[in-house]
Amino acid sequence: NKGEKFIKEVCKKLEDLDFSVDNSCGLHVHLSADDFKDKIEKIRNLWLFYYVFDDVLLAMLPQNRRKNRFCIPLKKSYNITDIVNLENVKDAEKLWYKTEEEEAIEKKKKNHTDSSRYNGINLHSLLAEDNLEIRYHSGTTNVKKILELVNLHATIMDSAEQFSENNLIKSSELLTLTDKIKSFMSFLPLKEASKDYLLMRIKKFNPDLADENSLCAV
């Protein structure tokens, strides 16, 4: 509640002072990941979820965020088999930092600006600093947008332990983005108003994706 109140106050002040953003700005969300520390099942589930549904998150974004070197899609850097086969946190670190050398990994973890952070979902911050950074979203001073996106990613993190690996793998095999969106929503206990908001963003940036009735059936 304190965080929500703070965001509302800051956005109101920015609006009163006529601040604005342009398409060179991004919105970065940081969420505490203390409860993920040394828990490979949760880390693997979270990584797998974001990998599988990368394209759904991209569908919520304007074009300038979809091909941006500061928020690279996970599918460009990793593959699902390697994520599924992670057995411990050391494995996760080796995969994320793309090296088998423990000394190199420790050096990278101590480097706040390590290049691995430039993924849309930044697990460098989770592995090194116990917080998850989401870098995908476009800059905004709109309080509703900020709160809805924070809520989305907080819900994903809170639900990670309950995700079924088999169902995530099945979702990765879906052929259409419309089906992938429906599957994405089915994994998350979001309120209908939040689902409607996210679907509104998808329709806004993908007007030809599907007819309104098929998306509303999520």
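Where is the place of Gln63? Select it: Gln63 sits in helix α4. Helices here are DSSP runs (H or I, at least four residues), numbered from the N terminus. This is a predicted model, in which local features need pLDDT of at least 70 and side-chain atom pairs count only at pLDDT 80 or more, while totals for chains, interfaces and linings use all residues. Residues are numbered from 1 along each chain as its sequence is written, and side-chain values use heavy atoms, with hydrogens and water left out.

**Stop 1: Gln63.** Buried or exposed? Gln63 counts as exposed because its relative accessibility is 54%; the cut-offs are under 20% for buried, over 50% for exposed and partly exposed in between (1.4 Å probe, protein chains only).

**Stop 2: the core.** Go to Trp47 and Phe184. In the largest nonpolar core, which has 58 residues, these two touch the most other members. Such a core is a set of buried Ala, Val, Leu, Ile, Met, Phe, Trp, Tyr and Cys residues joined through side-chain atoms within 4.5 Å. Helix α2 (residues 40–52) supplies the largest share, nine residues.

Select what surrounds Trp47. Beyond neighbours within four places in sequence, its contacts (heavy atoms within 4.5 Å) include Leu74, Tyr78, Ile83 and Leu123.

**Stop 3: aromatic pairs.** Rings of Phe, Tyr and Trp (its six-membered ring) pair if their centres lie within 6.5 Å; planes under 30 degrees apart are stacked, over 60 edge-to-face, and the rest tilted. The count is twelve aromatic pairs. Show Trp47 with Trp96: this pair is edge-to-face, 5.5 Å centre to centre, with 75 degrees between the planes. Trp47 is in α2 and Trp96 in helix α6 (residues 89–97), 49 residues apart. Both are buried.

Tyr78 lies in the loop between α4 (63–66) and α5 (80–84), 18 residues from Trp96. Tyr78 is buried too.

**Stop 4: α2 against α9.** Select helix α9 (residues 143–159). Its axis is 9 Å from that of α2, at an angle of about 135 degrees. Axes are lines fitted to C-alpha atoms, for helices over the stretch in contact, and angles run from 0 to 180 degrees between N-to-C directions. Leu46, Phe49 and Tyr50 in α2 meet His153, Ile156 and Met157 in α9.

**Last stop.** Phe49 and Tyr50 also belong to one aromatic cluster with Phe53, Phe163, Phe184 and Phe187.

Note on methods: Helix = DSSP H or I, 4+ residues; strand = E, 2+ residues; numbered from the N terminus.
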